[in-house]
Amino acid sequence: MTFDYRERSRTKGNPVTLFLFRYGAGASEYYAYTNAEQEIVHSAITYQPIPIDYGSVESSGTLDKKTLTVKTPLLSEVANLWLVSPPTYPVTLVMRRGHLNDPAGEFLVEWSGRVLSCSREGVEAVFSCEPISTAMRRTGLRRHYQYGCPHVLYGPQCNANKAAATYTPTIIAVENAALTFNDGWAGGLEIKALGGIAEWTGPNGTIVRAIIGVDDLTRLRLNGPTTGLESGDTVSISLGCNHRFEHNGTAFVDTDCFTVHNNVPNFGGQPYIPTDNPIGTATNKYY
């Protein structure tokens, strides 16, 4: 008997739903739950039974944008991702529907999307989720005619060597959103950490923080809390980039693309845009 037969039947079905939350880049960084009363193994993933509920799933045959609400216990592992600050990576959700008494173990995708936010209502964590179709309708970023480089540092268009610009210093002091290291931790390039990233392994996988300030070349201010770090730990610090390209005819001037990353061939800006308007009235040197 197929899934469709049990789904249509009034007495033969025993419906359950599987919830797969992925919160990181690693293959094992996920939480799998089910609203059944027993563990369910599907595609080598074990779904743990917890009290979990969700709103109605609607489909009109178009790219629906209706927000879906999912509720779990307040102390669930996935809710802990929002305990101090939002997760580093986008959290996606795939819901599958099947029947416990289906010998074929067929679980079809009922809903797929990402978690936008998590709020707390009494003893429940309430997740607001949007379907993947909204991303399909979203207007993509456009590349502009500009001086600076628009590429994401270490991204596929930039393609800078991240490993060559990464240091692993030892922490000597930890604050809520700042880390302090010894002098010379980056061999003279400490100021270039501005705009870079700090990475370490936290309680729920890899944590990534942007570096928004460099104080006295030893103290880095981050855009989020230093969850799970203590003095004596090491972190990976990848240097930033000012996305500028300047050449005075003899050498590059304040150009991190060259002096820090040696990546000028991949510079994505237009540094030679003329600054004088050839049709302006402020000067007649073109006439």
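A residue is called buried when its relative accessible area is under 20%, exposed when the value is over 50%, and partly exposed in between, with a 1.4 Å probe and protein chains only. The model is predicted, so local features need pLDDT of at least 70 and side-chain atom pairs count only at pLDDT 80 or more, while totals for chains, interfaces and linings use all residues. Residues are numbered from 1 along each chain as its sequence is written, and side-chain values use heavy atoms, with hydrogens and water left out.

By the accessibility rule Glu199 is buried, at 18% relative accessibility. Its salt-bridge partner is Lys162, with N and O 2.6 Å apart; a salt bridge here is a side-chain nitrogen of Lys or Arg within 4 Å of a carboxyl oxygen of Asp or Glu. Glu199 sits in strand 13 (residues 197-202) and Lys162 in the loop between helix 2 (133-137) and strand 10 (166-167), so the contact ties together parts 37 residues apart in sequence. Helices (H or I, at least four residues) and strands (E, at least two) are DSSP runs, numbered from the N terminus. Lys162 is partly exposed, at 30% relative accessibility.

The structure holds nine salt bridges. In one of them, Asp254 pairs with Lys192, the closest N and O atoms being 3.8 Å apart. This pair links distant parts of the chain, 62 residues apart: Asp254 is in the loop between strand 16 (236-238) and helix 3 (256-259), and Lys192 in the loop between strand 12 (178-180) and strand 13. Asp254 has a relative accessible area of 37% and is partly exposed. Both residues belong to a network of salt bridges that also includes Arg244, Glu246 and Asp256. Asp215 and Arg221 form a salt bridge at 3.0 Å, N to O. Asp215 is partly exposed at 22%, and Arg221 is partly exposed at 32%.

The largest pocket holds about 270 Å³. Its lining has 19 residues, with Asn80, Leu81, Pro87, Asn204 and Ile207 closest to the centre. The count of cavities of 30 Å³ or more is one. The largest cavity holds about 110 Å³, and among its 14 lining residues Cys149, Cys158, Cys241, Cys257 and Asn263 lie nearest the centre.

Terms used: On a 1 Å grid over the protein atoms alone, a cavity is a set of points where a 1.4 Å probe fits but cannot get out, and a pocket is an open set with protein on both sides within 12 Å along at least five of seven lines; lining residues have an atom within 4 Å of a point. Grid points are joined across faces, edges and corners, and a volume is the space filled by probe spheres set on the points.
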